[in-house]
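Here's a quick tour of how some of the side chains pack in this model. Have a look at the rings to begin with, then move on to the cores.

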Amino acid sequence: MQGQVALVTGVSNAKGIGIAICKELAREGFDVFFTYWNNAPTEKSSLQSLIDSLKSIATRADFILCDLSKRGVAKAIFDKCEASMGKVSVLVNNAAHS
């Protein structure tokens, strides 16, 4: 899947399925772009750790901090992803509302 871009929504903490999905896609060769919502200061190191982990698997990785429940955010996500990495090949809609 080299050169293809995967967009994963709903990566919001240091554990969980979103991170596992990102890592598996990276292992499969995808460049990974993900949405991240939890902006707590304690989570910032987890976010950097995830980026470093994905890049260590030899992939490009980037994210956008956003609240998917807000109108118009989806377009902004795709715009940033495409500007950063190119056209989205795979979308994993993992975001949920609790």
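Phe63 has a relative accessibility of 23%, so it counts as partly exposed (buried is under 20% relative accessible area, exposed over 50%, partly exposed in between, with a 1.4 Å probe and protein chains only). Keep in mind that this is a predicted model, where local features need pLDDT of at least 70, side-chain atom pairs count only at pLDDT 80 or more, and totals for chains, interfaces and linings use all residues. Residues are numbered from 1 along each chain as its sequence is written, and side-chain values use heavy atoms, with hydrogens and water left out.

How many aromatic pairs does the structure hold? There are two. Rings of Phe, Tyr and Trp (its six-membered ring) pair if their centres lie within 6.5 Å; planes under 30 degrees apart are stacked, over 60 edge-to-face, and the rest tilted. Phe34 and Phe63 are stacked, because their planes sit at 20°, with ring centres 5.8 Å apart. Phe34 is in strand S2 and Phe63 in strand S3 (residues 61-65), so this pair ties together parts 29 residues apart in sequence. Helices (H or I, at least four residues) and strands (E, at least two) are DSSP runs, numbered from the N terminus.

Phe34, at 0% relative accessibility, counts as buried. Tyr36 and Phe63 make an edge-to-face pair, 6.4 Å centre to centre with 70° between the planes. Tyr36 is buried too, at 3% relative accessibility. Ring pairs link Phe34, Tyr36 and Phe63 into a cluster.

## A lysine over the ring

Lys80 lies over the face of Phe63, 5.8 Å from the ring centre. For that label, NZ of Lys or CZ of Arg has to be within 6 Å of the ring centre and within 35 degrees of the ring normal.

## Two nonpolar cores

A nonpolar core is a set of buried Ala, Val, Leu, Ile, Met, Phe, Trp, Tyr and Cys residues joined through side-chain atoms within 4.5 Å. The largest one here has 17 residues, and Phe34 is among those touching the most other members, along with Val8 and Cys22. Strand S1 (5-9), helix H1 (17-27), strand S2 (31-36) and helix H2 (41-56) each supply at least two of its residues. H1 gives the largest share, five residues. A second, separate core of 10 residues includes Leu7, Cys66, Cys81 and Met85.

## Cysteines

Cys22 is buried at 0% relative accessible area, and Cys66 is buried at 10%. A search of the whole structure turns up zero disulfides (pairs of cysteine sulfur atoms within 2.5 Å).
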